[in-house]
Amino acid sequence: MDDYDVIRQRVEKVFREVFRKPSLVLTPGLSAADVPEWTSLQHVRLIAALEKEFALRFEFSELVEIETVGDIIRIIVQKSSV
Amino acid sequence: MKFREIRVGELDDLIASGWYRRQKIIPITPSRAISQAINPNAYPNDIALLMAVAEDDSLAGFAGILPARLYLARAEPERFFYNSCWWIHPDKGRRVSMPLFYRMLEITRGRMVLADMTEHTEKIVDGTGRFRVQKPAEGIYLWFRGGAGTFLSRKSGYRPWVKLLASPVDLAINGMQYLRLQGMQIAAGSDTFTVRPASVEQQDVNEFIDRMCAGNPLTRRASDLKWILRTPWLIPCKLCKKGTHQYPFSWKVESFVQHVLRIDHNQLLVGVAVVNFRDGIAKVPYLYVLQGSEEPVAQALLFWLLRQPVHGLLTWNQYLLRELKRLNLPAVIKRKVYKRTAYNLVLSEVLDTSFELQDGDGDSVFT
């Protein structure tokens, strides 16, 4: 399992906890439009939970880029490799 | 999605722009914009408003920043910022809540206070791990007269017939309450504390306010009150123009009146209060009291309120709460209310954990 897969699994775990959906399966194209629970306020909780899980801080410019799960994983992979 | 930042010096232009006129939901009302444009604690280059604008040119979300001053002992006042609003469109704004929030933190360099959050927002703010959330302050929402007419009229969009329909109920309640309250005032004995209208422009009032603020890092000084009292954010509906704009926060009301009161005892100024009447409910955004006079000042103010054309009081002020409890004021309706405050961890380095916010701190004093 490479870094990407490990990160994807950890991101999935965070999503399931925040949205309280244990069976949620993440795909790179999944967006807020596909998950009814992914409201604006839940988005704040999600980002905070991801920051805690990966011990990192997102930048404003990165947050603006986030549209899909794929964007989140890509940014975390980039930040983790620095 | 585009993110726009509006500086204090650009607020006038924003409310005069074609883009603003085209919006169904507006990010700031003209009265708030005018007030913030002359905020004595702000510089023209300070960012006052962050907006996320969707592809169709409408608002997806916005957040407001209100510069204020922090008065620390033996130091020049420092800057900090209240978050004055944070609104997200339920559909268009799903992705913008966090960028707006983070950008606010960047702009304020983490020196931000959230002074009046809902329970839901409190949980989320706490979850970011960047704020110290204070234990919710317990206050009271109390009706000492029947106000069903005003209440129902507000709920129905200020239709006058609703008020008329509820008037017999209010009349009956008020008859009984009159007798109960009258008895209480007689029992309280003669009043040696006088409550009179005043102005923050009066030198003794002005100096008293600033003197009583010592040791309270966030409490508004007299210079702030001059500005606040000149530029309330609420418009009484009689003055409202028919328009298509909507604003998600307090804006139009049936009535809004501000009072500055001085409380004297044997010709000595012992208290100054800023009191707002909004749609029949009194609020006391600021109460400055000489040490040792807290109880009689609170009592004098409460008895003054009972003689005013209001039917209730909403307060978190500790002196008023203590006095209300002691007097056991007969109430038509009484319920507990909570005020939730959080401040950024950066600010927590300079703020004592025991500091107390007054009811008007944040932007509540304007509304």
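Reply:
**Chain B and its contacts**

Among contacts in chain B between residues at least 6 apart in sequence, 69% link residues at least 24 apart. Two residues are in contact if their C-beta atoms, placed from the backbone, lie within 7 Å. This is a predicted model: local features need pLDDT of at least 70, side-chain atom pairs count only at pLDDT 80 or more, and totals for chains, interfaces and linings use all residues. Residues are numbered from 1 along each chain as its sequence is written, while chains are lettered from A and ligands numbered from 1 in the order in which they are written.

Start with the whole chain. Chain B has twelve helices and 15 strands. These are DSSP runs numbered from the N terminus: helices are H or I, at least four residues, and strands are E, at least two. Its C-alpha atoms fill a box of roughly 65 × 55 × 40 Å along the principal axes. Of its 367 residues, 40% are buried (20 or more other C-beta atoms within 10 Å of the residue's own, with C-beta atoms placed from the backbone).

Next, the domains. An automatic or database assignment sets the bounds. Domain 1 of chain B spans 2-109, and domain 2 spans 140-144 + 188-338. Their centres, taken over C-alpha atoms, are 28 Å apart. Across the boundary, 17 residues of domain 1 of chain B touch 16 residues of domain 2. On the domain 1 side, helix H3 (30-37) and strand E4 (78-88) of chain B each give two or more residues. H3(B) gives the most, four residues. That side divides into ten nonpolar, five polar and two charged residues. Nonpolar means Ala, Val, Leu, Ile, Met, Phe, Trp, Tyr, Cys or Pro; charged means Asp, Glu, Lys or Arg; the others, Gly among them, are polar.

Now the partner. The contact takes 16 residues from chain A and 17 residues from chain B. H2(A) supplies the largest share of the chain A side, eight residues. That side has ten nonpolar, three polar and three charged residues.

Helix H2 (residues 40-54) of chain A packs on helix H4 (residues 97-107) of chain B at about 60 degrees, with the axes 8 Å apart. A:Ser40, A:Leu41, A:His43, A:Val44 and A:Ile47 of H2(A) meet B:Ser97, B:Met98 and B:Phe101 of H4(B). This contact has five nonpolar, three polar and no charged residues.

Technical notes. Axes are lines fitted to C-alpha atoms, for helices over the stretch in contact, and angles run from 0 to 180 degrees between N-to-C directions. A residue is buried if 20 or more other C-beta atoms lie within 10 Å of its own, exposed if 12 or fewer, and partly exposed in between; C-beta atoms are placed from the backbone.
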